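Here's a quick briefing on how this one is put together. Have the sequence and the 3D view open while you read.

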Amino acid sequence: MAFAAVGGAGLGAVFGALLDGVIAVTSEATMFETHLRDLKCTLDLFQQVDEDVRQHPNILFRPMQGLERFEIQMEKGVQLVEKCSKVCPWKPNVFNKRYTRKLIALDTSLRTLLSVLTAHIASDLRARVINVATVVNHIDANIAAQNQNVNQIKGWSAIPEPPPFTVGLDVHVEELKLELLKDEASMLVLTGLGGCGKTTLAQKVCEDQKVKEKFRSNIFFVVVSKRTNCLVVQELCQKRGSLVPALQEEAIAFNWLQEFLKKTGQDPLLLVLDDVWLGSESLLDKFGQFKRPNYNILVTSRFQFPRFGPAYPLGTLEQGDAMTLFRHAASRPDRSFDIPEDLAKQIVQLCKGFPLAITTIGRSVCERPTEIWKKRVAELSRGSSILDSEDYLFACLKSSLDALDERLAVIKECFIDLASFPEDRCIPAVALIDMWAELYGLDEDFWSIAHIHELTNRNLANLVSRNGKMEMDGYYSEHFVTQHDMLRNLAIHQTGQDEIGQEKRLIIEICGDNLPNGWTEQKDKPKKTRLLSISTDGLSSAKWHDMHLPKAEVLVLNFQTENYVLPKFVKKMSKLKVLIVTNCGVLQADLSNFKLLGSLANLKRIRLERISIPSISKNSMQLKSLQKISLFMCSIGQAFSNSSIQILEAFPNLVEMNIDYCNDLVELPAKLCDLIRLKKLSITNCHKLSALPKEIGKLVNLEVLRLRSSTELERLPGSIKNLNKLSFLDIYNCSSIKKLPEEIGEMSSLRKINMGQCSRLQGLPQSVLNLGELRELICDEETENLWGEPFKSSLININITVAKEQHNLNWLYCKP
């Protein structure tokens with residue numbers, strides 16, 4: 001055949017074997033029937049080209065280079081088809097999706113070869129001064145006719161059919177359908193974790209009756225994955241029924257794309273670009289340029305692509321839908337589901353509503369004895385990761401992580417660091433800022449937040465905010481990071497993959513007094529880890545084994561008891577720079593052994609959450625290197641009152657203090673005003689704070705003063721006039737302040753004020769006219785009116801931003 005003429009008899013032989021195999025298997029491998037029929041249609045096109053070439057028997061074609069690769073692919077295709085024939089239709093295995101993708105890839109490769117082969121034939125015809133137009137047009141016409149016949153036979157099966165059984169997608173179908181049925185042009189990005197059902201949802205949208213009625217034959221479904229733009233355009237044109245020559249350059253491919261869009265006319269057009277990865281932005285750009293009415297693009301991706309359109313996030317399944325999916329996956333169609341309901345519920349709960357995990361675990365226990373089910377539940381309940389036993393699930397999730405190449409290596413490390421915090425809890429963004437500043441040199445807070453946004457865009461994490469705003473004045477105390485437990489398992493899995501990973505971080509989870517395997521034997525062995533995280537539950541005692549951590553720079557301690565003792569080995573962590581202690585219980589906890597920190601010469605940052613500060617202030621110690629301390633939901637009212645050491649002597653180099661949600665704080669302790677090196681003081685969401693001491697004027701190096709949401713604070717002391725270096729004053733939502741002090745005009749460096757939601761503020765002092773450096777004002781509509789004449793005409797360099805109140809309740813769905 002033509003293969004023998006152009007590329008050698010070997011290629012013709014393997015082609016015949018592949019065609020015979022596809023014909024023999026199609027009727028048997030029902031799970032792959034659609035893709036096998038697509039492959040059969042492509043092979044038929046090759047036979048049609050061969051028949052056309054045979055009409056010119058006197059032409060001798062020169063051997064064609066580069067066909068060896070296609071021969072190897074066909075040989076693998078023969079093996080693939082044989083494997084498909086052995087898959088049991090009622091009990092799918094974990095390779096089904098892999099086989100499906102390989103069949104699609106093989107079909108795409110053969111289509112490419114078809115274009116190359118046709119172009120080669122045309123070249124030979126030209127070389128022999130043959131009527132090339134007649135021959136090529138004849139070939140093109142036959143292939144187009146063949147495609148048309150295929151489309152007539154297949155109809156809507158040209159769109160990949162969704163699985164015969166789906167749950168939890170009906171509402172999403174309706175919502176997406178409403179967007180796609182609009183008359184204006186749109187690009188919608190359907191995004192979510194790999195394995196959450198994005199492709200299935202897109203397929204169900206395409207088969208919706210109203211969608212089919214609007215777009216008719218102008219629905220095109222293309223799997224993009226990591227293919228080149230040229231291959232994507234080739235497939236689109238071939239789906240249209242045109243024979244496309246080999247495309248070697250993107251510029252040529254995009255010209256063909258424009259021709260493809262022109263051929264669709266003014267009829268409604270729906271393009272589904274499935275499984276789009278980062279790196280395909282140029283393709284999305286080109287599609288976005290050809291906008292016209294009723295031109296809709298639905299993109300499915302693990303990435304959000306915010307500049308290409310609104311993101312439609314697909315989350316996990318509700319409990320009822322998750323149970324329905326599990327029952328289907330864990331039982332044969334010809335038998336009833338007879339596994340005890342309590343075991344099924346436990347497995348589903350451990351899968352956290354993740355469809356791919358539910359399906360994978362369900363299939364692994366299908367038709368297995370009840371004891372196997374109990375064993376599986378026990379393993380997962382004791383902390384065993386699903387990823388350790390389910391290779392396909394692990395590979396699916398890890399591929400998203402692998403997309404973080406060498407340029408984004410730090411972001412990959414940041415992803416793994418998220419596992420340092422307990423599952424099912426919001427991770428404070430400011431805690432991550434402290435960690436990453438020291439581990440990766442991210443000396444400005446915005447770098448860390450930018451990395452979190454990058455993880456969010458890739459659906460590897462989620463950034464939520466209590467105030468509904470993602471950025472506001474560099475204030476991130478109300479920003480939290482959440483992560484699906486499957487991704488946390490992936491991160492933990494990565495820490496133990498090799499010795500390098502273990503050197504970077506060590507994450508230990510202790511239930512009761514059951515210490516991790518091997519800890520006792522290795523307790524005296526030095527560990528090279530830079531980050532150590534230890535999480536204990538409410539049953540853990542204060543017993544600790546000694547550890548030697550000479551290189552540890554970050555220590556994260558998570559616990560749930562009312563009394564917690566700092567491990568004695570902390571004293572020997574000579575390189576420790578960051579300490580984060582989080583009480584995951586409801587009430588404040590007493591923290592013992594705090595005096596151990598006095599021996600840490602390099603400790604720069606401390607963050608305490610739900611800790612009783614009076615219990616640690618009794619210890620007289622010096623932390624000479626400490627630069628930042630953050631107190632969240634702590635008892636601070638009587639702090640530092642009983643300390644025998646002066647606070648400046650204890651924290652001589654402290655430059656930043658954050659006090660957040662400390663509800664027993666009525667008046668800021670005057671002693672804190674002795675910290676004369678402070679540059680940033682944030683007292684936020686302390687709703688009982690009613691007064692600031694006049695000594696606050698002693699903080700002459702202060703550059704930022706935040707009093708956000710101090711709703712009982714009635715006034716600012718006149719001594720703030722001494723804060724000559726203060727550039728930013730934040731009194732957002734200080735709703736009890738009625739007037740600003742006259743002395744505010746003496747703050748010569750003040751450049752920015754946030755005074756939104758100050759509902760009782762009645763006016764501004766005349767001295768505001770002296771704020772010559774003031775450049776930015778954030779307020780609401782009511783307080784904006786206060787800045788009328790004479791201030792408006794005199795302070796002409798001020799940029800006034802009227803911020804509207806936003807509410808985002810996403811953070812309510814995770815534990816603080």
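In this predicted model, the largest nonpolar core has 89 residues. The ones with the most contacts inside it are F326, F354, L393, F415, L432 and M435.

**Cores**
- Domain 2 (169–313) and domain 3 (316–403) both give residues to the core, so it lies between them.
- Leaving aside residues up to four places away in sequence, M435 touches D417, S420, F421, L531, V554, V556, V578 and I580.
- There's also a second, separate core of 87 residues, which includes L555, L576, L726 and L750.
- As background, nonpolar side chains in soluble globular proteins tend to be buried together.

**Helix α20**
- Helix α20 covers residues 445–457, so to speak a 13-residue run, and reaches 19 Å from its first C-alpha to its last, close to the 18 Å expected at 1.5 Å a residue.
- Its buried residues are S448, I449, H451, I452, L455 and T456.
- Looking down the axis of α20, those buried residues fall within an arc of 155 degrees, so they line one face of the helix.
- Among the elements covering the buried residues of α20 are α18 (409–417), α19 (429–439), β7 (462–465) and β8 (479–482).
- After α20 comes N459, whose phi is positive, near 60 degrees.

**Salt bridges**
- The structure holds 26 salt bridges.
- R327 and E341 pair up through their side chains at 2.5 Å, N to O. R327 sits in helix α13 (residues 319–329) and E341 in helix α14 (residues 341–350), so the pair ties together parts that are 14 residues apart in sequence.
- Both partners count as partly exposed, R327 at 28% relative accessibility and E341 at 33%.
- R488 bridges to E509, with the closest N and O atoms 2.5 Å apart. Since R488 is in helix α21 (residues 485–495) and E509 in strand β9 (residues 505–510), the pair ties together parts 21 residues apart in sequence.
- Here R488 is buried, at 5% relative accessible area, while E509 is partly exposed at 43%.
- R706 and D730 meet at 3.8 Å, N to O. They link strand β19 (residues 704–706) to strand β20 (residues 728–730), 24 residues apart in sequence.
- R706 is buried at 5%, and D730 is buried at 0%.
- Finally, D434, E438, K604, R605, K628 and E656 are linked in a network of salt bridges.

Conventions
Residues numbered from 1 in each chain as written. Predicted model: local features only at pLDDT ≥ 70, side-chain atom pairs only at ≥ 80, totals over all residues. Heavy atoms only, no water. Helix = DSSP H or I, 4+ residues; strand = E, 2+ residues; numbered from the N terminus. Expected span 1.5 Å × (residues − 1). Buried < 20%, exposed > 50% of the residue type's maximum accessible area, 1.4 Å probe, protein only. Arc of directions from axis to C-beta. Contact = heavy atoms within 4.5 Å. Core = buried A, V, L, I, M, F, W, Y, C linked by side-chain atoms within 4.5 Å. Domains from an automatic or database assignment. Salt bridge = Lys/Arg side-chain N within 4 Å of Asp/Glu carboxyl O.
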